[in-house]
Amino acid sequence: MAPDFTLFDTAKNAVSLHDFKGKNVVLLFFPLAFTSVCTKELCYVRDNMALFNNVNAQVLGISVDSLYTLAKFREEQGFNFPLLSDFNKEVSKLYNSLYEEWNYNMKGVSKRASFVIDREGNIRFSEILEKAGDFPNFEGIQLTLRTIA
């Protein structure tokens, strides 16, 4: 079972995983807003949202950035899915997706990780990347989503 959580989105609304019961969910943890690979990853999702919509999947982006930083990032890039602030690092820890130490002596930054959670709340796909420069396996995510659609 996927650990439940509640985080705030860029509109300052509380968003919980259990809000999406009955829908497939794709959680995308990313290190930091405005960085090159994170921007490329989330722009890929934005530009290919039909792939997720066609299989009844809700995408949620999660990072330890503040909701204010994420709001600016979302606005500038025109993201068409929620970005959630895990500023306290609790959800990244729950999903084992947290660097204890990262570049430039930063501590507690989300790893690039992806999870597909089915309608009943079971994790059906997971990928936690140790190298922040690596790109998620979107083919594996889509294959999983098509399988459980």
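## Close-up views of the aromatic rings

Phenylalanine 34 is partly exposed, with 40% relative accessible area. That value falls between the cut-offs of 20% for buried and 50% for exposed. The model shown here is predicted.

**View 1. Phenylalanine 34 pairs with phenylalanine 73.** Phenylalanine 73 is buried, at 0% relative accessibility. The ring centres of phenylalanine 34 and phenylalanine 73 are 4.9 Å apart. Their planes meet at 55°, so the pair is tilted. Phenylalanine 34 sits in the loop between S3 and helix H1 (36-47). Phenylalanine 73 belongs to helix H3 (residues 67-77). The pair links distant parts of the chain, 39 residues apart.

**View 2. Five phenylalanines form one aromatic cluster.** Phe34 and Phe73 are members. Phe30, Phe79 and Phe81 complete the group.

View 3. A search of the whole structure finds 11 aromatic pairs. Phenylalanine 29 lies in strand S3 (residues 24-29), and phenylalanine 115 lies in strand S8 (residues 112-117), so the pair ties together parts 86 residues apart in sequence. Phenylalanine 29 is buried, with a relative accessible area of 0%. Phenylalanine 115 also counts as buried, at 4%.

**View 4. Lysine 40 sits over a ring.** Its charged end is 5.1 Å from the ring centre of phenylalanine 135.

**View 5. Lysine 89 sits over the ring of phenylalanine 87.** Here the charged end of lysine 89 is 5.8 Å from the ring centre.

Note on methods. Residues numbered from 1 in each chain as written. Predicted model: local features only at pLDDT ≥ 70, side-chain atom pairs only at ≥ 80, totals over all residues. Heavy atoms only, no water. Phe/Tyr/Trp six-rings, centres within 6.5 Å; stacked < 30°, edge-to-face > 60°. Helix = DSSP H or I, 4+ residues; strand = E, 2+ residues; numbered from the N terminus. Buried < 20%, exposed > 50% of the residue type's maximum accessible area, 1.4 Å probe, protein only. Lys NZ or Arg CZ within 6 Å of the ring centre and 35° of its normal.
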